[in-house]
Amino acid sequence: MSIAENRRARFEYHIEEQYECGVVLEGWEIKAIRAGQVQLTDGYVMIKNGELFLIGCRINALRSASTHVNPQADRTKKLLLKKDEIRRLVGKVEQRGFTLVPLNLHYKGGLVKADIALAKGKSLHDKRETEKKRDWEREKGQLMRHKVSGNGKPGRN
């Protein structure tokens, strides 16, 4: 079940490879995520000292958060992935100009997982092409719905 999705990532980047990794969260963050108080659109993944970190994922604290906890909405979250996979990602990011972007947060067996992608930025004409395809799919859907809603015979609506 999906919690939050980064729709801009698929528009802004060509997705090459996807990875699922665990997310280190605090108790108040889990409660806020279950209440739907999470935003992933400005997030990105950074590699530091052989570890992955999710930056820019905003989790707004609930009003009923505990008094002894100091919630920070933009806290940097550590991502959990196997060492050999992290090494492979480091090599591709440093050598070939790839970037790491979060695609979504979802539940898996009661735990919160993040899908991250190895991606390359799209150029302006690629973004235009993506927009044209999306518009055509929307228009095609409207035409199909219009045709289905009518009885198909001219002059009998």
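Which residue in E5 stands opposite methionine 46? Phenylalanine 53 does. The model is predicted. Its seven strands form an open sheet with antiparallel pairing, in the order E1-E8-E9-E2-E7-E5-E4. A search of the whole structure finds seven salt bridges, while the count of disulfides is zero.

**Sheet layout**

- Strand E1 (2-5) and strand E4 (44-48) stand at the edges of the sheet; each has a single partner strand, so one side of each lacks a neighbour in the sheet.
- From one strand to the next, the twist averages 40°.
- Strand E2 (residues 13-23) runs antiparallel to strand E9 (residues 111-121), and nine bridges join the two.
- Within that pairing, tyrosine 19 has isoleucine 116 in E9 as its bridge partner.

**Strand E5 and its neighbours**

- Strand E5 (residues 51-55) is largely enclosed by the rest of the structure, because four of its five residues are buried.
- Five bridges pair E5 with E4 in the antiparallel sense.
- The hairpin of E4 and E5 has two residues between the strands, and asparagine 49 in this hairpin takes a positive phi near 55°.
- E5 also runs antiparallel to strand E7 (residues 77-80), to which three bridges join it.
- Leucine 52 has leucine 79 in E7 as its bridge partner.
- A salt bridge links glutamate 51 and lysine 78, whose closest N and O atoms are 3.0 Å apart.
- Since glutamate 51 lies in strand E5 and lysine 78 in strand E7, this pair ties together parts that are 27 residues apart in sequence.
- Glutamate 51 is partly exposed at 29% relative accessible area, and lysine 78 is partly exposed at 30%.

- Glutamate 17 and arginine 88 meet through their side chains in a salt bridge (2.9 Å, N to O).
- Glutamate 17 belongs to strand E2 and arginine 88 to helix H3 (residues 83-96), so the contact ties together parts 71 residues apart in sequence.
- Both ends are partly exposed: glutamate 17 has a relative accessible area of 23%, and arginine 88 has 42%.
- Aspartate 135 forms a salt bridge with arginine 138, with the closest N and O atoms 3.2 Å apart.
- These two residues are three apart in helix H4 (residues 124-149), which means about one helical turn separates them.
- Aspartate 135 is partly exposed at 36%, as is arginine 138 at 44%.

**Cysteines**

- Cysteine 21 counts as buried, at 1% relative accessibility.
- Cysteine 57 is buried, at 0% relative accessible area.

Notes:
Residues numbered from 1 in each chain as written. Predicted model: local features only at pLDDT ≥ 70, side-chain atom pairs only at ≥ 80, totals over all residues. Heavy atoms only, no water. Pairing = 2+ DSSP bridges. Axes fitted to C-alpha atoms, helices over the stretch in contact; angles between N-to-C directions. Buried < 20%, exposed > 50% of the residue type's maximum accessible area, 1.4 Å probe, protein only. Disulfide = S-S within 2.5 Å. Salt bridge = Lys/Arg side-chain N within 4 Å of Asp/Glu carboxyl O.
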